[in-house]
Amino acid sequence: FGGRPKQGWRFLSRLATRCRPSPAPRLPRAPSSFQDGQEFRIVSGSIHYFRSLPEQWPARLRTLRSCGLNTVTTYVPWNLHEPTPGQYDFSGRLDIVRFIEAAQQEGFLVIVRPPPYICAELEFGGLPAWLLNEEGLQLRCSDPKYLKRVDSFLDHFLPMLATYQYSRGGPIIAMQVENEYGSYGNDHLYLRHLELKFRQHQIDAILFSSNGAGDQMFVGGALPSLLRTVNFGTGADVEGNLKVLRKYQPSGPLFVTEFWDGWFDHWGEEHHTTTPTQSMKTLEAILSNNASVNLYMAFGGTNFGFTNGANKGYGETDPYQPTTTSYDYDAPVNESGDATQKCATFRALISRFIGAPPVPIPPPAPKLAYGSLAMTQSAFLFDAAVLQSVTARTVESATTLPMEALHQNFGFVLYSATFDGPLSDKLFVQDLADRALVFVDGAYKGVLQRSATLQLSISAGPGAHKLDLLVENMGRINFGPWLADRKGITEGVRIGSQFLYHWTMRALPFDDLTRVPFGQLSAAPFAGPTFFRGNLHIASAAQLNDTFLELPGYWKIGPQQSLYVPAPLLRVGDNEVVVFELHGTNNNRAPSVVFTSFARYGRA
């Protein structure tokens with residue numbers, strides 16, 4: 001291949017005779033066994049292995065097969081695979097090799113979109129947060145400090161995929177170089193460096209770039225040696241966008257790498273949907289123009305833990321918009337893995353162009369409403385033993401430090417300082433990221449939030465007083481010019497015009513709650529950040545089903561009002577349920593949760 005794209009395009013044409021849908025095709029050892037002359041059309045769907053569990057991958061893939069797809073596409077999140085420099089994790093839901101093997105077993109070809117940057121509405125666009133703690137490092141360009149970190153990961157990762165390329169008997173037919181780079185920069189030396197790194201590791205699959213349908217994006221975000229592809233969504237001007245693509249890709253296949261058949265949700269918005277008919281019309285126009293396509297998303301899944309990203313427009317004063325835990329995306333296969341009407345509509349359409357899929361659409365997986373569950377134990381965060389049990393590290397500094405300086409990726413930071421009274425003034429937090437609960441001498445005073453309220457009134461009598469700010473990272477920005485989104489308090493805290501100094505900062509990643517010293521519920525009011533624990537007992541394996549967890553009062557602004565609980569997380573016997581309540585509970589009663597059989601969207 002050697003960077004000569006037309007050779008790669010001929011490789012696509014050689015796929016046809018053996019890659020027609022079949023229950024479990026055996027891919028030959030080399031593409032030379034194919035005969036030229038028969039066109040192969042990629043009809044792919046995006047599924048991110050890290051947004052579901054390994055036990056669910058075969059069923060998810062089989063359902064995607066039933067939608068009519070012959071290829072699956074996945075991003076690779078650098079931040080999850082290398083949570084700290086030099087320490088790699090490819091286990092559990094991060095086992096990409098197991099996922100690729102499962103996809104091949106289902107008869108799929110595979111397209112991989114590797115690091116460094118992936119967007120994907122994932123925290124920091126898939127970049128590791130510890131990059132922000134390296135002085136002088138510049139993101140997504142040919143800065144030597146950045147490239148050193150990128151090369152270190154790719155040198156570890158790419159050899160894992162090389163043996164799974166189509167040329168070696170595997171299913172991988174193409175890989176992406178960077179991601180929508182034209183929407184961010186124009187550093188061609190950077191793109192060329194990545195391309196050469198792929199080739200250095202014997203990646204002979206098709207290498208491509210992916211951009212929006214704009215002149216500036218195609219000029220700045222691509223290289224002549226990379227196949228250019230385009231992204232757009234439901235209702236777009238298909239022929240106009242493909243015309244722009246053809247302007248910069250005069251020959252070779254047309255490929256819509258991302259056809260947005262739904263959309264993701266931010267907190268405080270309505271749940272996004274597109275009708276099957278709307279999306280079908282756009283997809284039909286793509287296929288009618290003899291283009292290949294990748295549905296983004298075919299299956300969305302879940303932003304487990306604190307892995308959701310956030311958005312902010314191009315303007316400096318544009319609001320910060322965190323993404324929800326659910327990444328359902330109104331995709332053809334929903335968050336719990338069930339085929340929707342969109343799947344059936346797409347199946348009928350795709351069958352007209354590449355033939356009917358070899359498997360029927362499966363019925364929905366069983367769901368179980370376990371009912372209401374009362375919390376029976378609690379642990380108040382500010383109790384010394386509880387705070388110690390969840391503190392990863394404590395740092396003292398004259399000034400406030402961002403979360404990254406505490407070597408922390410996700411979760412909360414507790415900032416503590418003292419001030420002297422008497423006073424009655426405004427408390428200001430400069431450059432808050434992203435939400436802070438304010439306490440004076442242990443008493444709750446209010447909440448401050450990025451893009452909303454960054455000041456509140458406080459009063460205190462004579463003497464020394466303690467100020468605590470519990471700051472939550474709600475998701476680093478994943479797209480656009482504001483990627484360097486450091487979390488915590490990055491500038492300082494002041495009362496009136498006077499900055500406060502000498503801070504104690506506790507890193508609270510909440511990644512291990514096994515040491516929290518829970519006690520029995522007391523009659524005292526629950527008026528602050530508190531852990532609650534309850535026990536869900538499941539009597540038999542027959543009752544191990546997917547379910548949805550509703551928390552009364554869970555962020556009222558919506559749109560997400562329930563959390564998907566995959567069946568593989570449950571077990572026969574006792575299941576521990578822990579809830580972290582930030583603001584206290586209504587009527588001073590411990591909360592209860594409700595397990596239902598369906599997802600709920602809206603505003604409480």
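Q: What makes Val594 the bridge partner of Ser372 part of a strand pairing?
A: Val594 sits in β26 and is bridged to Ser372. Two strands pair if DSSP finds at least two bridges between them, and β11 and β26 (residues 592-596) have four, in the antiparallel sense, so they count as paired. Strands here are DSSP runs of E, at least two residues, and helices are runs of H or I, at least four, numbered from the N terminus. This is a predicted model, where local features need pLDDT of at least 70, side-chain atom pairs count only at pLDDT 80 or more, and totals for chains, interfaces and linings use all residues. Residues are numbered from 1 along each chain as its sequence is written, and side-chain values use heavy atoms, with hydrogens and water left out.

Q: Why are β11 and β24 called edge strands?
A: In the open sheet, ordered β11-β26-β23-β24, β11 (371-374) and β24 (563-565) each pair on one side only.

Q: Why is the pair of Phe90 and Phe153 called stacked?
A: Rings of Phe, Tyr and Trp (its six-membered ring) pair if their centres lie within 6.5 Å; planes under 30 degrees apart count as stacked, over 60 as edge-to-face and the rest as tilted. Phe90 and Phe153 are 6.5 Å apart, centre to centre, with 20 degrees between the planes, so they are stacked.

Q: How do you know that Tyr49 is buried?
A: Buried means under 20% relative accessible area, exposed over 50%, partly exposed in between (1.4 Å probe, protein chains only). Tyr49 has 0%, so it counts as buried.
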